[in-house]
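The stops below are meant to be selected one after another.

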Amino acid sequence: MRVVMLCGGESSERDVSMSGGWALAGALTQRGHEVSVIDPAAAEPVLAERVEGNGTSYPIPKTPPVMDEQPLWRERMYAALTGGDVLRRMRAADRVFMGLIGGWSEDGHVQALLEMAGISFTGAGSATCALSWQKDRCQALLGAYGVPVAERVVLRPGAGLPDRVKEFLDAGPVVVKPIADGSSVDVRQVRTLEELAAITPRTDLLVEPFLPGREFTVGVVGDQVLPVVEIELSTAIFDYETKYQPGAAREICPAEVTPDFAARLQELARTAHDALGAPAYSRADFRCDASGNPHCLEVNALPGLAPVSLVPRAAAAHGWSYADLAEKILTA
């Protein structure tokens with residue numbers, strides 16, 4: 001199969017996307033596919049006409065990229081995806097592999113352009129991505145499907161602090177995160193009203209009570225719910241640095257929990273997956289309250305697939321190699 005691997009992109013997750021894109025390209029090449037690698041946000045977007053051997057290793061830096069160049073990246077990306085050589089290459093391919101994550105690729109922009117161009121691609125469609133990307137809307141949907149979610153308040157730029165947020169802080173620390181972002185970028189724990197007031201949001205923020213219990217994640221690929229992963233943290237929250245730097249967190253898979261609790265988390269992950277319209281693959285993240293009850297933090301309809309990411313780790317515990325996972329997603 002002729003495959004165009006899209007990776008990189010214009011978001012704060014471009015390094016994670018590059019790492020996953022190159023690794024996936026190498027894995028699919030080993031399976032006999034003809035793979036080219038394209039970063040549509042780059043000045044020279046075609047990174048590899050055809051991947052040879054195992055591809056190229058791309059280590060993830062400790063911190064996300066500085067976003068000063070995002071307007072330029074977006075200008076290049078839109079131009080590349082809507083005309084010229086990149087569009088020609090995608091139309092000539094049998095399938096485009098969405099190695100892009102974050103930003104326009106995860107909020108549905110890229111998928112919408114590919115849908116309008118009649119190009120076949122992997123993963124969720126534009127509507128599903130748009131819903132999953134907006135955490136407050138996604139949590140409202142999950143709650144309607146019976147998936148337990150944390151109570152939440154949206155904090156908007158220029159608006160005052162809602163009284164409910166003050167009530168959260170009276171009861172303990174809160175977690176503050178962008179309402180639309182991924183890879184735990186800009187996620188922080190806040191303990192006081194003064195700390196929260198000092199945050200100057202550029203976009204809407206989601207404020208939730210901090211859940212002090214254990215943290216888990218569950219991937220779903222096609223009809224297969226993967227083993228539960230437990231994340232043991234060396235920090236209060238699973239932020240960008242903790243997620244992608246070796247040794248910053250311990251990821252245990254299968255999680256050391258009772259069979260009944262694992263089955264409960266897998267059932268919730270399947271329900272969340274189906275609530276989003278059963279995309280080709282997804283990952284649901286959970287954190288437990290002080291009583292040990294799990295709450296779904298979010299569902300990612302386009303989770304990262306870098307070798308160090310959580311879905312590949314769970315797939316390995318299920319008995320799938322990295323190349324097996326890449327092949328299943330390609331042909332879903």
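The tour goes from strand to strand, then to a helix pair and a few single residues. Keep in mind throughout that this is a predicted model.

**Stop 1: strand β9**

Select residues 215-221, which form strand β9. Seven of the seven residues of β9 are buried, so the strand is largely enclosed by the rest of the structure. Show the side chains and look along the strand. Glu215, Thr217, Gly219 and Val221 point one way, while Phe216, Val218 and Val220 point the other way. In a regular strand, side chains alternate between the two faces of the sheet.

**Stop 2: Thr217**

Stay in β9 and centre on Thr217. Is Thr217 buried or exposed? Thr217 has a relative accessible area of 2%, so it is buried, the cut-off for that class being under 20%.

**Stop 3: the partners of β9**

Which strands pair with β9? Begin with β13 (281-288). β9 and β13 are antiparallel and share seven bridges. Within this pairing, Gly219 has Arg283 in β13 as its bridge partner.

Next, select β11, residues 229-233, which runs antiparallel to β9 and is joined to it by three bridges. Phe216 has Glu230 in β11 as its bridge partner.

Then select β10, residues 224-225, which pairs with β9 in the antiparallel sense over two bridges. Here Val220 stands opposite Val225 of β10. β9 and β10 make a hairpin with two residues between them, and Gly222 in that turn has a positive phi of about 60°.

**Stop 4: from β11 to β12**

From β11, move to β12, residues 249-252; the two strands are antiparallel, with four bridges. Leu233 has Ala249 in β12 as its bridge partner.

Pick Arg250, also in β12. Its relative accessibility is 46%, so Arg250 counts as partly exposed. Beyond its neighbours within four places in sequence, Arg250 is in contact with Glu230, Ile231, Glu232 and Glu256. For a distance check, the C-alpha atoms of Arg250 and Glu230 are separated by 8.0 Å, the two residues being 20 apart along the chain.

**Stop 5: two backbone details**

Most residues other than glycine have a negative phi, and most peptide bonds are trans. Two places to check against that follow.

Select Cys253 and Pro254: the peptide bond from Cys253 to Pro254 is cis, with omega near 0°. Pro254 sits in the loop between β12 and α11 (259-275).

Now go to Ala278, in the loop between α11 and β13. Ala278 is not a glycine, yet it has a positive phi of about 55°. With a relative accessible area of 44%, Ala278 is partly exposed.

**Stop 6: helices α6 and α7**

Two packed helices are described by the angle between their axes and the distance between the axes. Select α6 (residues 126-133) and α7 (residues 135-144): their axes come within 5 Å and cross at roughly 100°. The two helices are therefore roughly perpendicular to each other. Show Leu131, Ser132 and Trp133 in α6, which meet Lys135, Arg137, Cys138 and Leu141 in α7. The residues of this contact divide into four nonpolar, one polar and two charged.

Gly123 lies in the loop between α5 (109-117) and α6. Its relative accessibility is 19%, so Gly123 counts as buried. Apart from neighbours within four places in sequence, Gly123 is in contact with Ala280 and Tyr281. The C-alpha atoms of Gly123 and Trp133 are separated by 14 Å.

**Stop 7: the four-stranded sheet**

Finish on the open sheet of four strands, whose order is β3-β2-β1-β4 with mixed pairing. Its edge strands are β3 (46-48) and β4 (95-98), each pairing on one side only. The twist averages 30° from one strand to the next.

Select β1, residues 2-6, together with β4: the two run parallel and are joined by four bridges. Met5 has Phe97 in β4 as its bridge partner.

Definitions and conventions: Residues numbered from 1 in each chain as written. Predicted model: local features only at pLDDT ≥ 70, side-chain atom pairs only at ≥ 80, totals over all residues. Heavy atoms only, no water. Buried < 20%, exposed > 50% of the residue type's maximum accessible area, 1.4 Å probe, protein only. Axes fitted to C-alpha atoms, helices over the stretch in contact; angles between N-to-C directions. Parallel < 35°, antiparallel > 145°, perpendicular 65-115°, else oblique. Contact = heavy atoms within 4.5 Å. Nonpolar A, V, L, I, M, F, W, Y, C, P; charged D, E, K, R; others polar. Pairing = 2+ DSSP bridges.
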